[in-house]
Each structure stands twice: as structure tokens, then as C-alpha cells.
Amino acid sequence: MRAVSLFAAGTTILAALVQGIPLERAPDGTTPHFVVYHNAWVSGQTGPPDVSKISGFNTFILSFLLLRGPVDQATQWASLSSDTQISTKNKYAAAGIKLMVSAFGATDTPASAGADPTRTANSMASWVKKNHLDGIDVDFEDFEAINAADGRGEKWLITFTRTLRNALPVGQYLITHAPLAPWFSPKYTAGAYTKVHKEVGSLIDWYNIQFYNQACGPFGSDYTNCRGLLTKSSATYPKTSVFEISATAGVPLNKIVIGKPGTKRDANTGYIDPNTLAGCMSQGTAKGWNGGAMAWQFPNADADWIRTVAAKHGLFNPLLFPASVPWVWTQVSSR
């Protein structure tokens with residue numbers, strides 16, 4: 001079996017070199033990140049889907065782990081036996097896909113609820129370890145705490161992140177955040193996510209930024225064209241496009257993952273059809289960005305979605321990366 005895998009990997013490399021595609025072996029956590037969340041119930045499915053249904057993604061995030069415990073797909077994962085969890089995770093690892101859980105979401109408001117950030121982080125880190133996952137995504141949407149502009153939301157999130165990283169060491173576990181794009185705007189006088197990044201950005205592997213559901217700009221149109229998404233957001237939340245976030249908040253471009261709904265049904269605003277999004281991402285790549293794409297959510301965003309979004313501008317070629325080969329390759333890019 002090993003000989004077959006090495007032959008397949010060698011064929012992959014040779015095919016790429018013939019086409020003139022520069023390649024590197026991608027260590028865990030390197031760009032581009034192709035991320036999809038899974039919260040919806042799918043008939044006949046218990047636990048994560050077969051890897052063939054999400055081929056092209058390299059991170060799969062189960063939603064959600066709340067203050068009170070797991071719900072939805074996180075509950076389904078927790079219901080599996082330890083042996084089944086390990087077996088499933090091994091299949092995902094062989095396909096180059098990381099398995100994570102998402103914390104909080106729109107349901108939980110941990111800072112406003114008075115939850116202790118240290119105790120909460122340690123509890124969630126223990127859950128990640130117990131359930132054999134690769135890491136945790138922090139989807140902090142406590143509007144009351146951030147909009148108060150008194151720094152308490154930022155302080156809570158900073159303490160929570162530091163504690164998480166102490167419990168989930170670099171190189172062993174991934175920690176990502178899923179901030180709302182407007183929270184990088186200088187309009188937030190207490191700093192919002194700009195403050196969080198300044199204090200603990202080095203502890204965060206990357207940001208799955210939500211460029212949707214923000215109702216920004218005229219009739220919620222912000223982030224729905226390439227200019228607003230990449231280089232110039234509206235005056236409603238200025239400085240919150242990809243390149244503006246990097247320039248003003250100091251977030252490295254390879255840590256900025258563009259988050260979008262898989263279909264119009266998956267969000268209230270911010271939808272871009274996959275072909276148009278592919279064009280925007282191509283423009284971003286030409287300017288030096290290489291963060292990748294995030295989708296909310298499977299099954300509406302599946303292998304076909306990421307094939308359209310990523311493959312058309314060279315960030316990912318599914319013909320060269322069969323899911324059966326446990327090698328993940330990315331284009332060489334300046335970091």
C-alpha cells in the first residue's frame with residue numbers, strides 16, 4: 001500500500017511539474033485554507049460526511065460547542081464512540097482535511113453572560129482533546145460586549161484565546177477565529193478585533209472572516225463585489241475589505257480567509273455566486289493575497305462549490321490532488 005501511495009504522489013508531482021506549477025509540501029496550517037462549516041442536519045448522516053463529498057476543502061468545522069456543551073453537529077460527533085471518532089479522523093487526515101469544532105456562534109454571548117474566560121477556555125480545550133479533534137474555531141458574536149466599546153468584550157476574548165493556546169499548544173492543535181468583518185473597522189473605539197489581533201494574533205492560526213450577514217452599505221450590498229470585498233469597503237464600516245484589514249489592523253494576508261455563504265439561503269446578506277467569487281479571489285491572488293476561502297455551510301457548499309471557487313484561479317487543482325492520496329500540495333507563494 002505504501003508503494004502505491006508513493007507512486008500516486010510521485011505522479012501528482014510529475015504532472016504538476018510538466019504543467020509548470022511550482023509546488024511545496026504543505027505542513028499543517030499553511031495557506032491556502034479551504035474551510036467549510038457543518039451545522040445543518042443531513043438525513044441519513046451521523047457525524048461528518050464521507051470525504052468525497054468535501055474533496056477540495058482542507059478544514060472541516062463542526063458547529064457548535066456552547067457554554068452549556070455541544071449542540072447540532074458537535075453533539076453528533078460527541079455521540080460517536082472513541083474508536084469511530086479516531087477512525088473518521090484518520091480518514092480525514094489521509095485526505096488532508098483537518099477536523100475542528102466551532103465555539104459559541106450567534107447563540108452564545110459569553111462575555112455578556114459573565115462566563116469566566118479562563119474556565120471556559122480550559123473546559124472547551126478539554127472537550128477538543130477528549131473528542132480527538134484537530135482544534136477549535138472561535139466564532140465570537142457577542143454584539144453587546146463589543147458594541148459597549150468599553151473594552152470588556154476584547155479583554156474577555158484575549159484572555160480566552162491565551163488560555164486556549166496554553167491548553168492547545170502550537171503545532172499540536174489549530175486555533176482559528178471567525179470574526180465579523182466590520183469588527184476590524186477603526187470605528188470601534190475600544191479596538192474590537194484589531195485590538196484582539198494586536199494582543200493575541202500570533203496565537204491564532206488564521207481568521208475565517210465573515211464577509212456576510214452584516215447588512216453593510218446600501219441595502220446590505222457591502223462585500224458583494226470584488227472591490228468592496230478586496231480593496232475598498234463602504235463608509236458604513238470603513239477599512240474592512242481584505243487588503244484594508246491587512247493594512248490597518250496588521251493582519252497578515254495569508255491569515256485572512258474570505259468567508260461566504262454557500263447559497264443565498266445560508267445568509268441574509270453578502271452572497272456572491274461561486275464563479276464571481278472565484279474571479280474576486282483570482283484578483284486577490286494577483287495582488288499577493290493567498291489566504292483561501294471559507295463557506296457556511298455544508299451540504300450547500302460541497303466539493304463542487306470549492307472546485308468552482310478555488311480551482312479556476314490556480315489556488316487548488318482537484319485533478320492533481322485525489323482524496324485517496326494522503327498528500328496536500330499548495331502553490332509556492334511569498335509569506
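Guide: Rings of Phe, Tyr and Trp (its six-membered ring) pair if their centres lie within 6.5 Å; planes under 30 degrees apart count as stacked, over 60 as edge-to-face and the rest as tilted. Ring pairs of this kind join Phe 104, Phe 140, Phe 143, Trp 156, Phe 160 and Trp 183 into a cluster.

Visitor: What sort of model is it, and how are residues numbered?
Guide: This is a predicted model, where local features need pLDDT of at least 70, side-chain atom pairs count only at pLDDT 80 or more, and totals for chains, interfaces and linings use all residues. Numbering runs from 1 along each chain as its sequence is written, and side-chain values use heavy atoms, leaving out hydrogens and water.

Visitor: How many aromatic pairs does the structure hold?
Guide: There are 16. In one of them, Tyr 37 and Trp 296 are tilted, 5.7 Å centre to centre with 50° between the planes.

Visitor: Why is the pair of Phe 184 and Tyr 207 edge-to-face?
Guide: Because the planes of Phe 184 and Tyr 207 are at 90°, with the centres 6.0 Å apart. Phe 184 is buried at 1% relative accessible area, and Tyr 207 is buried at 0%.

Visitor: New topic: which ring does the charged end of Lys 187 sit over?
Guide: That of Tyr 237, 5.5 Å from the ring centre. The rule is NZ of Lys or CZ of Arg within 6 Å of the ring centre and within 35 degrees of the ring normal.

Notes:
Buried means under 20% relative accessible area, exposed over 50%, partly exposed in between (1.4 Å probe, protein chains only).
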